[in-house]
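Try each task before reading its solution.

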Amino acid sequence: MINKIKITKEYKTIPKDFVLELEQMTVITGENNSGKTNFIKAVAGEAKVKKELVKVEFLDKDDQPLIPEIVYIAAENIQPAEDEAKFSAKTTGLIK
């Protein structure tokens, strides 16, 4: 199980050597422009600095490296019905 995700190179709003400790379920939340998308792009292997991918380490509870299979669904790929798009995430039927 992945217990930590470490971003080893500064990327936009993410500082160098940033570590996110994970539980069995971890929800990434935050204000707009706080770095959620930058973090997800780094984890998904889409973040580049000077044309090089940002290095991300996935670690177990003993800080040993793991190689996970990442599944990333960008929000822009989710297309709610027109009436659902009029509501906030708290009131829509997309999330229950």
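**Exercise 1.** Place Asn33 in the chain, then describe its backbone and its exposure.

Solution. The model is predicted.
- Step 1: Asn33 sits in the loop that joins strand E2 (18-21) to helix H1 (36-43).
- Step 2: Check phi. Asn33 is not a glycine, yet its phi is positive, about 65°.
- Step 3: Check accessibility. The relative accessible area of Asn33 is 79%. The cut-off for exposed is over 50%, so Asn33 is exposed.

**Exercise 2.** Which residues of H1 are buried, and what do they pack against?

Solution. 
- Step 1: List the buried residues of H1: Asn38, Phe39, Ala42 and Val43.
- Step 2: Look around the axis. These residues cover an arc of only 135°, so they lie on the same side of H1.
- Step 3: Recall the helix geometry. An α-helix has 3.6 residues a turn, so residues three or four places apart point the same way.
- Step 4: Find the partners. The buried residues of H1 pack against strand E1 (4-7), E2 and strand E5 (56-59).

**Exercise 3.** Which residue with a positive phi follows H1?

Solution. Step past the end of the helix. Gly45 follows H1, and its phi is positive, near 80°.

Notes. Residues are numbered from 1 along each chain as its sequence is written. This is a predicted model: local features need pLDDT of at least 70, side-chain atom pairs count only at pLDDT 80 or more; totals for chains, interfaces and linings use all residues. Side-chain values use heavy atoms; hydrogens and water are left out. Helices (H or I, at least four residues) and strands (E, at least two) are DSSP runs, numbered from the N terminus. Buried means under 20% relative accessible area, exposed over 50%, partly exposed in between (1.4 Å probe, protein chains only). The arc is that of the directions from the helix axis to the C-beta atoms. Contact means heavy atoms within 4.5 Å.
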